[in-house]
Amino acid sequence: MPSPATASAKPAENGSQKKRRGPGALATAYLVIYNVVMTAGWLVIAVGLVRTYLTKGSYHNLYYSIERPLKFFQTGALLEIGHCAVGIVPSSVVLTAFQVMSRVFLTWAVTHSVREVQNEDSVLLFVVAWTITEIIRYSFYTFSLLNHLPYIIKWARYTLFIVLYPMGVTGELLTIYAALPTVKKTGLYSISLPNKYNFSFDYYTFLILVMVSYIPIFPQLYFHMFHQRRKVIVAEHKKSD
């Protein structure tokens, strides 16, 4: 699931939290490097998509052109959970873990594991949404840490999610749905009884439950970003007036 709400850089922006101490000099330097590297990584993915599209003249099957960097940099987001856990970033560990792990799960346990879905246009849908979102997000954190945040990046961070978030979620759901027939046919990752552990697991049913979980979770995260937008963008406009 797209992760517009996760933070990887600066202390929270609202007034009640400004009093919190930010990361020390060493932690700040590390976070700047991390966010610069992640921004560059997602830019590599974006360039790969565009270059392959211009070469092939088609948007179909572009996934293969960026498969390796996508896996690498999306998995690299796991470090954000550690950032929250050790306290150098003030975001919720639970929320960050959920958002990061949902993407890592889709990358490895669905798209990588079920090769039949890699040809689906829905994969490109969420990859494009993720790529634009992450370039903006990591740029936002980098410039925030350097105390030099251009308004255009702030605006993009709190505005483009309106389109990118539903776009990414739609691609994710369609990709999981496309994986279901193969998972059911092959029994991928499923564990049947009897076995020595007296435990069974049906990956097909699990994927359906994952899809159902989007129903309560997506609106909460989506409208949370609208709330953040009102605080950051709309409130700023009112002050300037």
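Visitor: Why does Leu 145 count as buried?

Guide: Its relative accessibility is 12%, and buried means under 20% relative accessible area, exposed over 50%, and partly exposed in between (1.4 Å probe, protein chains only). Leu 145 is therefore buried. This is a predicted model, where local features need pLDDT of at least 70, side-chain atom pairs count only at pLDDT 80 or more, and totals for chains, interfaces and linings use all residues. Residues are numbered from 1 along each chain as its sequence is written, and side-chain values use heavy atoms, with hydrogens and water left out.

Visitor: Where is Leu 145 placed, and what separates its C-alpha atom from that of Thr 28?

Guide: Leu 145 belongs to helix 5, residues 121-145. Along the chain, Leu 145 and Thr 28 are 117 residues apart, yet their C-alpha atoms are separated by 7.0 Å.

Visitor: What makes Thr 142 a buried residue?

Guide: Thr 142, also found in helix 5, has 8% relative accessibility, so it counts as buried. Leaving aside residues up to four places away in sequence, Thr 142 touches Asn 35, Val 36 and Thr 39; contact means heavy atoms within 4.5 Å. Thr 142 and Leu 31 are 111 residues apart in sequence, with 7.8 Å between their C-alpha atoms.

Visitor: How do you know what kinds of elements build the protein chain?

Guide: Helices and strands are DSSP runs (helices H or I, at least four residues; strands E, at least two), numbered from the N terminus. By that count the protein chain has eight helices and zero strands. Read from the N terminus on, the order is α-α-α-α-α-α-α-α. Of the 241 residues in the protein chain, 44% are buried. Looking at contacts between residues at least 6 apart in sequence, 76% join residues at least 24 apart.

Visitor: Why is helix 3 called roughly antiparallel to helix 4?

Guide: The axes of helix 3 (residues 79-86) and helix 4 (residues 93-112) cross at roughly 175° and come within 9 Å. That angle makes helix 3 roughly antiparallel to helix 4. Angles under 35 degrees count as roughly parallel, over 145 as roughly antiparallel, 65 to 115 as roughly perpendicular, and the rest as oblique. The axes are lines fitted to C-alpha atoms, for helices over the stretch in contact, with angles from 0 to 180 degrees between N-to-C directions.

Visitor: Which residues make that contact, and how many of each class are there?

Guide: Helix 3 brings Glu 80, Ile 81, Cys 84 and Ala 85, while helix 4 brings Val 93, Thr 96, Ala 97, Val 100 and Met 101. By class, there are seven nonpolar, one polar and one charged residues. Here Ala, Val, Leu, Ile, Met, Phe, Trp, Tyr, Cys and Pro count as nonpolar, Asp, Glu, Lys and Arg as charged, and the others, Gly among them, as polar.

Visitor: Is Glu 80 buried or exposed?

Guide: With a relative accessible area of 0%, Glu 80 is buried. Glu 80 sits in helix 3, and its C-alpha atom is separated by 8.1 Å from that of Ala 97, 17 residues apart along the chain.

Visitor: What makes the pairing of Arg 103 with Gln 74 a polar contact?

Guide: The two side chains make this contact at 3.3 Å. A polar contact is a pair of N or O atoms within 3.5 Å; within protein, one must be able to donate a hydrogen and the other to accept it, and residues adjacent in sequence count only if both atoms are side-chain atoms. Arg 103 has its place in helix 4 and a relative accessible area of 1%, so it is buried.

Visitor: Where does UniProt place the feature "transmembrane region"?

Guide: The unreviewed UniProt entry places it at residues 29-54, 75-102, 122-146, 158-180 and 203-223. Such positions are given in the numbering used here, feature names are shortened, and annotations may be inferred rather than shown by experiment. Residues 203-223 are 100% helix and 0% strand, with end C-alpha atoms 30 Å apart. Residues 75-102 are 71% helix and 0% strand, and their end C-alpha atoms lie 11 Å apart.

Visitor: Why does Tyr 189 count as partly exposed, and why does Asn 198 count as exposed?

Guide: Tyr 189 has 45% relative accessibility, so it counts as partly exposed. Asn 198, at 64%, counts as exposed. Tyr 189 has its place in the loop between helix 7 and helix 8, and Asn 198 lies in the loop between helix 7 and helix 8 too. Phi is near 60° for Tyr 189 and near 50° for Asn 198.

Visitor: What joins Leu 193 and Pro 194?

Guide: A cis peptide bond, with omega about 0°. Pro 194 lies in the loop between helix 7 (161-186) and helix 8 (203-240). Most residues other than glycine have a negative phi, and most peptide bonds are trans.
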